[in-house]
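Reader: Hi! I have a structure here that I'd like to walk through with you. Could you help me find my way around?

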Amino acid sequence: MPDRGIKTELRAIGAEFVKTMRIWFSYPIMLVFWAVFPLLWVLPYIFQGRALVGSGTSEAFRQLTGSGNYLAFVLIGAMISTFVFSALWGVGNSLREETYWGTMEYIIASPTHPLVILIGKTLAEWTWSTVMVLFQALIIALFFGVQFTLAKILPVLLLVILLMIGFYGFAIAFAGFTLLIKEVHGWVHTLEWIFFLFSPIRYPVQVNPITAAVSTLIPLTWALIAIRGIILLNRTEVNLYQTVLVLTLMDIVLLTAGYFLFIYLERKTRRDGTVGMH
Amino acid sequence: MADSTHPNPGPPALLCDNVVKLFRRGRGLKKKVVRALDGASLTIPQGELFGLLGPNGAGKTTLVRCIATLLIPDSGTIRLFGHDVFTDSLFCRQRIGLLTSGERTLYWKLSARDNLRFFAALYGLHGRDRDRRIDYLLELLGLREVANERLERYSSGMKQKVSLARALLHDPDILLLDEPTLGLDPQFGRFIRQFIKEELNRKQGKTILLTTHYMDEADELCDRIAFINRGKIVATRTPAEFKREIPHKEILEVRCLGQPDTTGLKHLDGIEQVQADFRDGITTLRLVMPKAEKVLSEVIELLRPQVRLLGIDVKEPTLEDVFIYMTGTSLGADTKEEIQ
């Protein structure tokens, strides 16, 4: 019997990643979708911005956010949220797929911890998201005059990684709920809209005192404010250390809570006898 | 308590002691508690091919899922080679090969080889060892030619062969085969049965727990059989011992068109048990008695005015007859018990 060490777990993550990719690529229409999606996705924002303010910039918007570039503001929010939501979809939806395929029980009955499988699924989802976000960044750079220098990219990358770690903690708790309640679309969409409302993805949350207050509890808010500061206002140092500290603390809380919640919910599912149920 | 058959030295391959599993279904006033396992106990020595025979809903699959760590029982102990399956689940999961019925247990968009590669990684196999093991299993199960084709193009029997290969990937010490031939055509069913008996049990010496509701399958394959009914192990014997349970008895099998009233039959002198199975408009009556010819004419007299008789036969008791004799339930019945 092979000994189980970190290499075994990493190979299991790799196997899950390869499997997920192979299954995606077995549907050719997916490739067409992903090829045109980044362009289709950006057009409504441009038209909406033009319709509202006549161009891509707004003085009222500058007073709220420090930058008048409304379109760049929204597109950065959309890019980062794409990453965040991919973690939710990656773990939630793919676990549902495993139950539909009838393979969930075989994963649970194997010596590999289901969290390892979740990491593989999330990596696959993030790979797609990265490709898409790179397209989006290219569009922003080409058409909205936003410059991506190394001095900007590195701190942004750090913030995105910290953000993703926290969201992975959130996502594994969500995966536990998915195992239990056997539903994912309604939950993900609800969460997406909560985040859309209470974090500055599409608008500055300062416009409403309630959204502004609630938004401080969401790591996405901290990350977006800092990332926009770096990209749009060239404020690399300002608030970066504070944001890194806040995100690190939130990561610890979310990962710990997510892990224990998942363990509890997975055990509850096995106690209820609903592992393989749809 | 678990029974005490230990022909081999060392801990038994599997020991289930007084396992209880309740399922709570519904909410509020409609809440029901289903007792799926009601103190099930059994012991399987290493190297034995053990059958768990019972009707649908008897608790066979629930017990297998508890052993495979997919379900946590409400009480009782399950030990695999002396290790508790819940406190030492990693040890146990590495030693269990699981096969369930139904073809939807694999990735249809992947080939057999890719399916096996994925599951091999979950069991810690990699590199050349993994590839050699996969090649060996594909060859053994006659899948080498189609190994790179997507499973969506496979027949049910071929998919079940891939499932069997998956169960064997990590060379497990014990195999849990839950209704392995259910829904397969006779040719594949025969292949799987022969493979289980000859290759896995006799040649490779694997301990096998096989659940089935096909009495012929249990009779043909198993060293010992446990009857399970309403979540309880009713009895454990060899197939031959079971058949001796109803000595000096004969079975009068009557097939007739329509559904006769069997009340009169039960009162005939000498008839100890009456079992009726109605399918596709035809009733098969199985009457247990010491001597069939003594009551034959009376049985015909009672039934002829009610239904059209299609055939009458005197038979030796089968495992199903023994099961009915001991439990009063047919193997074709659905016996989910609700206790609240």
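Reader: What is the helix and strand content over residues 67–91 of chain A?

Author: This is a predicted model, so everything here is read from a prediction. In it, residues 67–91 of chain A are 88% helix and 0% strand.

Reader: Thanks! Which annotation covers that stretch of chain A?

Author: The UniProt annotation "transmembrane region", from an unreviewed entry, covers residues 67–91 of chain A. That record also places it on residues 21–47, 126–144, 156–181, 212–231 and 243–265 of chain A.

Reader: And what about residues 243–265 of chain A, how far apart are the end C-alpha atoms there?

Author: They are 31 Å apart, and residues 243–265 of chain A are 100% helix with 0% strand.

Reader: Nice. Let's do some helix packing. At what angle do helix 7 and helix 11 of chain A pack?

Author: Helix 7 (residues 150–181) and helix 11 (residues 240–272) of chain A pack at about 20°, and their axes are 7 Å apart. An angle under 35 degrees counts as roughly parallel, so helix 7 of chain A is roughly parallel to helix 11 of chain A.

Reader: Is that crossing left-handed or right-handed?

Author: Helix 7 of chain A crosses helix 11 of chain A in a left-handed way. Their contact has 24 nonpolar, 7 polar and 3 charged residues.

Reader: What about helix 1 of chain A, how does it sit against helix 6 of chain A?

Author: Helix 1 (residues 6–25) and helix 6 (residues 114–143) of chain A pack at about 45°, with their axes 8 Å apart. That angle makes helix 1 and helix 6 of chain A oblique to each other, and their crossing is right-handed. Among the residues that meet are A:E9, A:E16 and A:F17 in helix 1 of chain A and A:I117, A:K121 and A:L123 in helix 6 of chain A. The contact of helix 1 with helix 6 of chain A divides into 9 nonpolar, 2 polar and 3 charged residues.

Reader: Switching topic: how many residues does each chain give to the contact of chain B with chain A?

Author: Chain B gives 27 residues and chain A gives 27 residues. Helix 3 of chain B supplies the largest share of chain B's side, 6 residues. That side of chain B has 16 nonpolar, 6 polar and 5 charged residues.

Reader: Last one! Which domains does chain B have?

Author: The domain assignment gives domain 1 (14–243) and domain 2 (250–327) of chain B. Their C-alpha centres lie 35 Å apart. The contact takes 11 residues from domain 1 of chain B and 8 residues from domain 2 of chain B.

How values were computed
Residues are numbered from 1 along each chain as its sequence is written. Chains are lettered from A and ligands numbered from 1 in the order in which they are written. This is a predicted model: local features need pLDDT of at least 70, side-chain atom pairs count only at pLDDT 80 or more; totals for chains, interfaces and linings use all residues. Two residues are in contact if their C-beta atoms, placed from the backbone, lie within 7 Å. Helices (H or I, at least four residues) and strands (E, at least two) are DSSP runs, numbered from the N terminus. Ala, Val, Leu, Ile, Met, Phe, Trp, Tyr, Cys and Pro count as nonpolar, Asp, Glu, Lys and Arg as charged, and the others, Gly among them, as polar. Domain bounds come from an automatic or database domain assignment. UniProt positions are given in the numbering used here, feature names are shortened, and annotations may be inferred rather than shown by experiment. Axes are lines fitted to C-alpha atoms, for helices over the stretch in contact, and angles run from 0 to 180 degrees between N-to-C directions. Angles under 35 degrees count as roughly parallel, over 145 as roughly antiparallel, 65 to 115 as roughly perpendicular and the rest as oblique. A crossing is left-handed if the near helix is turned anticlockwise from the far one by less than a right angle, and right-handed if clockwise.
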